[in-house]
Every structure is written in structure tokens, then in C-alpha cells.
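Dear colleague,

Please find the structure below, together with its sequence. My notes on it follow, and I would be grateful if you would read them with the model open.

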Amino acid sequence: MTAEALVGVELDDAGRERLRRWRLVLGGDAADGTGCALGARDAAMDGALSSLYGKGDKPQTGKERSAGLRASAPSVARWLGDIRTYFPSSVVQIMQRDAIDRLGLSALLLEPEMLEAVEADVHLVGTLLSLNKAMPETTKETARAVVRKVVEDLEKRLATRTRATLSGALDRSARISRPRHHDIDWNRTIAANLKHYLPEYRTVVPERLIGYGRASQSVKKEVILCIDQSGSMAASVVYASVFGAVLASMRTINTRLVVFDTAVVDLTDQLDDPVDVLFGTQLGGGTDINRALAYCQSQITRPTETVVVLISDLYEGGIRNEMLKRVAAMKGAGAQFVTLLALSDEGAPAYDREHATALAALGAPAFACTPDLFPEVMAAAIEKRPLPIPDNT
């Protein structure tokens with residue numbers, strides 16, 4: 001039933017709640033058709049919504065919404081407090097993001113009191129990193145505290161499962177030829193012994209067993225995370241930095257983290273603190289994937305034990321053909337190469353489809369990856385099995 005149809009009808013509680021919600025959505029001007037009056041709390045919620053999603057700076061008539069933040073620090077501070085009062089955290093984060101985009105409030109994040117009032121999330125961290133070079137010293141300490149809170153929350157969410165998944169993959173990647181019964185890899189054993197199939201018994205009699213080894217602490221895999229720090233990759237940079245720190249904490253994995261725009265910066269020595277890694281990045285600028293991959297290629301000493309993860313939207317400002325040759329050379333030497341268009345919950349951004357197609361032809365399909373899927377992707381790369389590419393890619 002539409003809002004107009006509800007007017008003048010005796011409503012039950014569900015109908016009144018539906019009408020109230022329509023009123024908040026439609027904004028209360030003469031055309032909304034609800035005729036619904038709001039209570040004090042709802043009117044305050046409506047005011048917070050109006051400040052962000054109103055019709056601009058036209059004078060209020062009492063029935064029209066109008067934007068009310070006007071990039072004023074006191075009004076923004078009050079508004080931030082209001083939305084935290086009236087809306088759940090997930091909604092607050094969306095509204096903050098919209099306020100930064102729609103009303104140009106990024107500059108206000110350079111003020112410590114603003115940072116203390118916001119609801120911190122990955123997207124806010126990305127915005128702060130893009131403002132890093134313009135940030136006054138009085139704000140940097142507060143900004144680091146905001147970033148650290150987000151990073152610590154992400155580590156709590158992601159670290160345990162990542163370590164467990166990759167530890168299992170490392171164990172399984174160490175194949176042995178005389179395994180104990182519970183260590184037999186039956187899929188590989190059957191595949192290797194199909195020529196010994198006995199049709200009269202309808203079974204395979206294996207002459208050679210293939211098993212999972214147990215990776216010792218001295219066995220290492222090499223992982224190189226190569227991260228595009230152009231502006232569209234902000235969330236990916238945050239997640240990749242957290243994952244880099246988690247991987248670096250595992251003795252069996254030697255992790256290197258490289259960020260790039262038109263220059264290449266190796267941040268491996270800062271991996272013990274992902275906050276330092278993030279403040280070592282500089283979001284925005286051009287892109288030279290070829291130069292970044294040239295550096296990564298120079299760091300490979302054991303190609304058959306190496307996984308290179310390129311996280312980029314693939315808009316190449318360098319030499320395209322050289323980039324593709326480098327990927328082919330690394331794969332030809334035995335390295336595993338993974339191309340992620342994004343490492344975030346938002347899916348793939350705009351990306352260069354021609355380059356993605358060319359990489360796929362080399363056996364390095366490009367796809368967007370959520371943080372929850374990333375451990376599985378890395379496990380598959382370590383075990384040299386097909387990557388779990390999402391169906392919607």
C-alpha cells in the first residue's frame with residue numbers, strides 16, 4: 001500500500017509505523033502525501049537527514065528539507081553527535097561517508113575534535129590517509145589513534161582465521177612419499193595411480209602414496225604483496241596492510257609489502273605495525289604497474305615457493321607490454337601470480353578490462369576479493385591449486 005493510500009485510513013500499529021517511515025524517507029514537503037506529524041525524536045532524526053540529504057541551500061519554508069551543515073565545524077560536530085544518537089553504527093558510517101562526498105567535509109577531518117566525534121571505519125581511514133600530507137601536527141596523533149582502532153578491530157576479525165587457513169595450506173603443500181594413513185592425500189594418490197585401476201574389482205591399487213607433510217618452522221613460502229595506492233584503492237590498501245602484518249607474523253611465510261604509484265616504496269620493514277605501513281602510503285597520483293612488478297621480480301629468489309599478489313585496478317601508466325612480459329616471466333619461472341582488482345567488501349571498482357583480459361590469458365585471472373575470501377585465495381595459491389574466484393566476477 002502506498003503512503004497516499006494510507007492517509008485517512010484507520011491504521012493499526014504496523015500501518016502507523018509504515019507511514020512514519022515513509023514520512024522520514026520522503027522528507028515532509030507538500031508533495032510527500034503522508035500528512036504524518038513527527039514526534040520530537042523523529043523530528044530530530046529528520047533534521048539530521050535533512051542536513052545531509054536535503055535540497056540544497058534554499059531557505060526553509062517549514063515543509064522543505066534544506067542542507068544545514070554548511071561545512072561549519074560546530075554544526076558538523078553537533079550533527080555527528082546526533083546521528084550517533086539516532087542511528088546504528090553501520091548507518092552512521094554510511095552517512096559520514098556521504099557527508100564527506102556530498103558536502104566536501106574532508107577538510108574538517110583535519111581538526112582533532114572532528115576526528116574524536118566520528119565513527120571510525122575502513123573508508124574513514126582511507127580518507128585520512130589521502131589527507132595525510134596536508135594534516136597538521138596537532139591532528140596527526142588523533143588521526144593515528146583513529147586508524148589504530150580500525151586496524152586493531154580488523155586484526156581481531158581476520159587474523160585467527162587467516163593464520164589457521166594458511167598454516168593448513170603450508171602443511172598440505174609439503175608433500176611426502178611415505179605418509180602415515182591420516183596424512184594421505186587421496187585425491188592426488190588416486191590421480192597418480194589411475195593406470196593401476198583393476199576393472200574386475202572396480203578399484204585402484206596404489207603403488208605410490210602421496211601425502212601431506214607437516215611444514216617445519218624453518219620451511220618458508222615467499223609472499224609479495226604489491227599494492228596500487230591510487231585513490232580508488234583506499235580500502236584495499238587498508239585491508240592489504242592488515243593482512244600483510246598478519247602474514248609477517250607467521251614464521252613459515254616471508255612477507256614483503258610494496259606500494260606504488262609512479263614510484264615504488266618497499267614498506268616491509270614496517271610490517272610489525274600496520275598503522276606505520278598505512279601512514280607510509282600516499283593515496284592518489286599516477287600508476288606504473290610495470291615499474292612495481294620489476295621491483296617485485298627483482299626480489300624473487302625462490303620462484304617455485306613464491307606467491308606474488310598484485311592488488312590494482314590495472315589502469316597502467318607505464319609500459320603495458322613490459323608489464324605483461326614480467327607477469328609471464330614470473331609465472332614461467334614457477335611463481336604463483338594472483339591479480340586482485342580490489343581487496344574490500346565493495347566489489348570491483350572501475351578497472352581496465354583490456355589488461356584484465358590479457359592477464360587472464362596468461363593464467364592470472366583478475367577478480368575482486370572480499371577480506372573474508374582472501375585467506376582461501378592465498379591458501380589455494382600456496383598449494384598451487386585453482387583459485388576460488390567468485391561467481392559474480
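**The largest pocket**

The lining of the largest pocket comprises 9 nonpolar, 13 polar and 4 charged residues. In this scheme Ala, Val, Leu, Ile, Met, Phe, Trp, Tyr, Cys and Pro count as nonpolar, Asp, Glu, Lys and Arg as charged, and the others, Gly among them, as polar. Please note that this is a predicted model, in which local features need pLDDT of at least 70 and side-chain atom pairs count only at pLDDT 80 or more, while totals for chains, interfaces and linings use all residues. Residues are numbered from 1 along each chain as its sequence is written, and side-chain values use heavy atoms, with hydrogens and water left out.

The pocket holds about 360 Å³ of space. Of its 26 lining residues, His-123, Gly-231, Ser-232, Ala-234 and Ala-235 lie nearest the centre. At least two lining residues come from each of α5, α7 (122-130) and α10, and α7 gives the most, with 6 residues. Helices (H or I, at least four residues) and strands (E, at least two) are DSSP runs, numbered from the N terminus.

A pocket here is an open set of points on a 1 Å grid over the protein atoms alone, with protein on both sides within 12 Å along at least five of seven lines; a cavity is a set where a 1.4 Å probe fits but cannot get out, and lining residues have an atom within 4 Å of a point. Grid points are joined across faces, edges and corners, and a volume is the space filled by probe spheres set on the points.

**The cavity**

The structure holds 1 cavity of 30 Å³ or more, and about 100 Å³ of space lies in the largest cavity. Its lining has 11 nonpolar residues, 1 polar residue and no charged ones; among them are Trp-79, Gln-96, Met-114 and Leu-124. Helices α4 (73-86) and α5 (89-103) are the elements that give two or more residues to this lining.

Helix α10 (residues 234-248) has 15 residues and should span 21 Å at 1.5 Å a residue, which agrees with the 21 Å between its end C-alpha atoms; the expected span is 1.5 Å times one less than the number of residues. Of its 15 residues, 14 are buried (buried means under 20% relative accessible area, exposed over 50%, partly exposed in between, with a 1.4 Å probe and protein chains only).

Ser-344 is in the loop between β9 (336-343) and α14 (353-361) and is buried, at 6% relative accessibility. Not counting residues up to four places away in sequence, Ser-344 touches Ala-235, Tyr-239, Cys-369, Thr-370 and Pro-371 (contact means heavy atoms within 4.5 Å). A polar atom of the Ser-344 side chain lies 3.4 Å from the backbone nitrogen of Glu-346.

Asn-290, in helix α12 (residues 289-298), is buried, with a relative accessible area of 9%. Leaving aside neighbours within four places in sequence, Asn-290 is in contact with Glu-316, Ile-319, Glu-322, Met-323 and Arg-326. A polar atom of its side chain lies 3.3 Å from the backbone nitrogen of Met-323.

Gly-286 is found in the loop between α11 (274-279) and α12 and is partly exposed, at 33% relative accessibility. Gly-286 touches Asp-261 and Thr-262, not counting residues up to four places away in sequence. The C-alpha atoms of Gly-286 and Phe-260 are separated by 9.0 Å, and these residues are 26 apart along the chain.

With kind regards

Notes: Polar contact = N/O pair within 3.5 Å; in protein donor to acceptor, adjacent residues only side chain to side chain.
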